[in-house]
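Biologist: I would like to learn how to read a model such as this one, feature by feature. Please give the general idea each time, then the case at hand.

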Amino acid sequence: MISPRAFRLLLALNVIFVWAPAGFAAKARHYYIAAEDVTWDYAPSGRDLVHGAALPAPWSAQTRWNKTRYFEYTDATFSIRKPQPDWLGILGPIIRAEVGDTIFVTFLNRSELAHSIHPHGLHYDKANEGAVYLPYGAGAGVAPGERFTYRWTADRDSGPGPDGPSSVVWWYHSHVDAEKEINAGLLGPIIVTATGMADARGAPKDVDREFVLTFMIFDELHGKDAGQFHSMNGYVFGNLPGLLMRQGERVRWHLLGMGNEKDLHTPHWHGETVTYGKRHTDVVELLPGSMATVDMVADNPGTWLFHCHVSDHMEAGMMATYTIYSPPRACPVSLLPDDWNKLAGTSAVRIKNASPKPIRQVSILSGYLVSVLDLEPLILAWFSPRPLPPGQEQTVPIGSELFSNGTNVGVAFYPSRIVYQDGTEWKPRQLGDCFKIYWRDKDHPQLPVLPPFQLERKDED
């Protein structure tokens, strides 16, 4: 005679496999997520990076606030934090599943208040709902220092519809005191991919790149303007990093709205259109708690504005930029890979002639990186001291002042003009071709393209 526990297991397996296509094997996906109290900065540069200007009042008064966020760890020891893309910002990690998968989330509450994780769109029982109201489930609220493992299923209704894209986005957030917790920063995305369309990570195989963008007004001062941050993933006035894509890539944008009655948002892309359902558009409508998924072919190189089109939201800084970069261009001169400390000590960079032609002179420009979004070019040029035969190297003196500013995270160099011995010249298609960044942190990830130059740096009174 079969035991009740075995019967429940067989029933659950039948729910998963009865409609699964031949050859599909559902997976159990495990996540380890903690809630932690942190300090968040809505504008880390202290600048309006869209316009190259001072951060306007009243938001310039204070951009750092106490928040609570979700962080992902590698295992149940919660000792090694998993990195996540810069563009996710304040959001928690992406929880992924393919239709048919079971998701296990071990949640550790490291904050000072009780919290939970409540999923949208997934199938769960009462114990795994993660919401406080009568009647309570076991995972409704997790006390400080305690943990709970949630079990959710990505069933048919969790996945894309028959005429939609191969993946869809859902929310997860804390639901003990939901309004306050969401405003505190306890929210994140779930992405469910159609059966047979997911790679090993659960991401869709038919796109090259995904972004998740949340449009929300965080309220730090109970309605006062100085405390209302009209943010995209928790950043304002162009401070959202990492929206980079290569020309020709198929890009999927997952858009999320959250907040209150003021959070009526209209994400708008300059420079491109997207496919939304059965239509092409460049504006999508979002309500609080809503979700939308659109696709783009990144075929128009450049740095483009991406913002909410509600007028007062634009004025309050709900703006970012995204960059479509061309495939790397072959450069006749390469800047050799030295580290920050060596360059600071020698006050010089090494260059190599990578072309088959002798070079008479190389002109090099440079700039400070205050952040990955903030490049401040110097109005100075450095020149190679002597002719450079093919395949040969030489040292170009650059001065020590480039490395003396303690606020810089990196220094970029890029050739602006190369004159060959035969009198012909090479010039970049745009300033910043063939660049090399020397990062203060040697483990800093490299960038595929330089950020836009911040040419206007005059502070306003």
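Biologist: Where is V99 found?

Modeller: Strands are DSSP runs of E with at least two residues, helices are runs of H or I with at least four, and both are numbered from the N terminus. V99 is in the loop between β5 (95–98) and β6 (102–109). This is a predicted model, in which local features need pLDDT of at least 70 and side-chain atom pairs count only at pLDDT 80 or more, while totals for chains, interfaces and linings use all residues. Residues are numbered from 1 along each chain as its sequence is written, and side-chain values use heavy atoms, with hydrogens and water left out.

Biologist: Is V99 buried or exposed?

Modeller: Buried means under 20% relative accessible area, exposed means over 50%, and partly exposed is in between, with a 1.4 Å probe and protein chains only. V99 has a relative accessible area of 5%, so V99 is buried. As for position, V99 and P327 are 228 residues apart in sequence, and their C-alpha atoms are 35 Å apart in space.

Biologist: What are the relative accessibilities of Y414 and K357?

Modeller: Y414 lies in strand β27, residues 410–420, and its relative accessibility is 1%, so Y414 counts as buried. K357 sits in the loop between β22 (348–353) and β23 (359–371); at 29% relative accessibility, K357 counts as partly exposed.

Biologist: Which residues is K357 in contact with, leaving aside its neighbours within four places in sequence?

Modeller: Contact means heavy atoms within 4.5 Å. With those neighbours left aside, K357 is in contact with P390, Y420, D422 and T424. Sequence and space can be set side by side here: K357 and Q421 are 64 residues apart in sequence and 7.7 Å apart in space, C-alpha to C-alpha. For Y414 and Q392, 22 residues apart along the chain, the C-alpha separation is 18 Å.

Biologist: What does T321 touch, not counting residues up to four places away in sequence?

Modeller: T321 belongs to strand β20, residues 319–325. Apart from those excluded residues, T321 touches L243, T303, W304, L305 and F306. Over the whole protein, among contacts between residues at least 6 apart in sequence, 71% join residues at least 24 apart.

Biologist: How many aromatic pairs does a search of the whole structure find?

Modeller: Rings of Phe, Tyr and Trp (its six-membered ring) pair if their centres lie within 6.5 Å; planes under 30 degrees apart count as stacked, over 60 as edge-to-face and the rest as tilted. The search finds 20 aromatic pairs. The ring centres of F148 and Y150 are 4.8 Å apart and their planes are at 65°, so this pair is edge-to-face. Both F148 and Y150 are buried. There is also an aromatic cluster formed by W87, F211, F215, W253, W269, F306 and Y322.

Biologist: Now the backbone. Which residues does a cis peptide bond join, with omega about 5°?

Modeller: That bond joins A57 and P58. P58 is in the loop between β3 (53–54) and β4 (64–73). Another cis peptide bond joins L134 and P135, with omega about 0°; P135 is in the loop between β7 (118–119) and β8 (147–153).

Biologist: What is phi of H222 and of F237?

Modeller: Phi of H222 is near 55°, a positive value in a residue other than glycine. H222 is in the loop between β11 (209–219) and β12 (228–232), and its relative accessible area is 81%, so H222 is exposed. F237 also has a positive phi, near 50°. F237 is in the loop between β12 and β13 (244–246); at 2% relative accessibility, F237 counts as buried.

Biologist: What is the radius of gyration of the protein?

Modeller: The radius of gyration is taken over C-alpha atoms, and the globule rule is 2.2 Å times the number of residues to the power 0.38. For 461 residues, a compact globule would have a value near 23 Å, and the protein has 25 Å, which agrees. Along its principal axes the C-alpha trace spans about 90 × 55 × 45 Å. The secondary structure comes to four helices and 29 strands, and 51% of the 461 residues count as buried.
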